[in-house]
Amino acid sequence: MSEHSDIPSGMIKHCVPSGSYAKFLHKGPESSIGSTYDLINEWLEKNGHGGPRPFDIELWRNIDTLETDDSTIDIYVPIKASI
């Protein structure tokens, strides 16, 4: 029996692997987050972390204000560690 055995019906679980993550901040309405991801992808490519990635994590602090100009969303992107 796992520690995640009591997940409510209809929900799924994801185990986020340990590793290195770059943190970015989107400011503004959630509907404009695509332009932030464009900038993130440009930065990742320029810094040797481009290419496909298995997931990104978005932390929405207040779902009721997602479409306001002062909304903020933290974005965590897995990156390959530099050796």
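User: Let's start with H26: is H26 buried or exposed?
Analyst: With a relative accessibility of 1%, H26 counts as buried, because the cut-off for buried is under 20%. Please keep in mind, as we go on, that this is a predicted model.

User: Which strand is H26 in?
Analyst: H26 belongs to strand β1, which covers residues 20-27.

User: And what does the side chain of H26 make a polar contact with?
Analyst: The partner is the side chain of T36, and the polar contact between these two side chains is 2.5 Å. Leaving out residues up to four places away in sequence, H26 touches S32, I33, T36, S71, T72, I73 and I75.

User: OK, since it's a prediction, what is the mean pLDDT of the chain?
Analyst: The mean is 90, and 92% of the residues reach 70 or more. Among the elements of the chain, helix α1 (residues 33-46) has the highest mean pLDDT, at 97, whereas strand β2 (residues 57-60) has the lowest, at 95.

User: Tell me about α1, then. How many residues does α1 have?
Analyst: Helix α1 has 14 residues, and from its first C-alpha to its last it reaches 20 Å, close to the 20 Å expected at 1.5 Å a residue. After the helix comes G48, which has a positive phi, near 75°.

User: Which residues of α1 are buried?
Analyst: They are I33, T36, Y37, I40 and L44. Seen down the axis of α1, these buried residues fall within an arc of 100°, so they line one face of the helix.

User: Why would residues a few places apart point the same way?
Analyst: An α-helix has 3.6 residues a turn, so residues three or four places apart point the same way.

User: What do the buried residues of α1 pack against, and what is on the face turned away?
Analyst: The buried residues of α1 pack against β1, β2 and β3 (72-79), while the face turned away from that buried side carries the exposed residues L39, E45 and K46.

User: Switching topic, which residues are in the largest nonpolar core?
Analyst: That core has 10 residues, namely A22, F24, I33, Y37, I40, L44, L66, I73, I75 and V77. At least two residues of this core come from each of β1, α1 and β3, and the largest share, four residues, is supplied by α1.

Technical notes
Residues numbered from 1 in each chain as written. Predicted model: local features only at pLDDT ≥ 70, side-chain atom pairs only at ≥ 80, totals over all residues. Heavy atoms only, no water. Buried < 20%, exposed > 50% of the residue type's maximum accessible area, 1.4 Å probe, protein only. Polar contact = N/O pair within 3.5 Å; in protein donor to acceptor, adjacent residues only side chain to side chain. Contact = heavy atoms within 4.5 Å. pLDDT = per-residue confidence, 0-100. Expected span 1.5 Å × (residues − 1). Arc of directions from axis to C-beta. Core = buried A, V, L, I, M, F, W, Y, C linked by side-chain atoms within 4.5 Å.
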